[in-house]
Amino acid sequence: MNDIPDRVPTNCPSCSPDLETVHEVLTVTEGGGTVTVRCSECAHVHKIQPEQESEVTLDVVVSQEGESFTANVTTPEGETIETGDEFILETDEVLSTVRVTSLELDGQKRREEAVVDDVETVWTREVDNVAVNVTVHPQDGSRNDSRSITVHVPGDYEFTVGETEEFGDDEFEIDAFVVRKDSSGYHRDRYEERGDTILAKDAKRVYAYDEQTSAWSAW
């Protein structure tokens with residue numbers, strides 16, 4: 001696969017050897033090494049050698065619901081990557097969107113932002129589909145009888161304080177939520193005002209009140 005567009009700016013040896021003009025791409029050799037183009041000004045057909053962008057290969061560790069695997073990605077040299085960035089990871093085994101959670105440099109140094117040339121390992125987590133931990137309190141407010149459940153939802157699923165959610169046998173009203181450190185666009189770590197909303201992929205934990213019972217027993 002090549003990334004050469006249908007039209008490219010380049011010098012024309014016939015009508016503009018010192019000035020770039022728009023050229024139509026006619027053919028591309030396998031691997032993108034040589035491109036045959038036609039000048040839009042004079043229709044002269046000639047070949048060019050497109051500049052090859054230098055790339056670096058990064059090791060990527062993906063965390064996925066308690067498990068992890070390692071993959072590789074290539075990216076242009078000199079680019080900056082930081083915690084919270086999201087990108088599509090495509091391998092023979094998986095195609096998913098991941099979010100950067102940490103960057104490891106030489107000597108196991110950790111950074112939140114770095115030039116890709118200096119990065120040895122990119123630590124990420126999948127955000128297409130996520131598991132969200134929910135602490136559910138009884139309706140009477142007793143915290144001693146609270147229980148924890150995990151719901152599996154798309155990363156872009158929204159939780160809103162004051163709204164009722166139903167997952168299988170569980171039905172609860174959202175009371176508050178805590179934001180993950182790798183999330184952006186939030187001004188606080190915890191939200192509890194009615195109408196406050198968070199995406200599932202940004203939620204570290206959701207707190208709620210049970211809508212079915214006032215208390216329950218282990219027996």
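Strands are DSSP runs of E with at least two residues, numbered from the N terminus. This is a predicted model, in which local features need pLDDT of at least 70 and side-chain atom pairs count only at pLDDT 80 or more, while totals for chains, interfaces and linings use all residues. Residues are numbered from 1 along each chain as its sequence is written, and side-chain values use heavy atoms, with hydrogens and water left out.

Strand β4 covers residues 45-48; His-46 and Ile-48 make up its covered face, Val-45 and Lys-47 its uncovered one. β4 pairs with strand β3 (residues 35-39) in the antiparallel sense over four bridges; pairing requires at least two DSSP bridges between two strands. Across this pair, Arg-38 stands opposite Val-45. Five residues separate β3 and β4 in the hairpin, and among the turn residues Ala-43 has a positive phi of about 70 degrees.

Two residues elsewhere can be set side by side. Buried means under 20% relative accessible area, exposed over 50%, and partly exposed in between (1.4 Å probe, protein chains only).

| Residue | Relative accessible area | Class |
|---|---|---|
| Ala-71 | 6% | buried |
| Asp-117 | 40% | partly exposed |

Ala-71 belongs to strand β6 (residues 67-76).

Asp-117 sits in the loop between β11 (113-115) and β12 (119-126).
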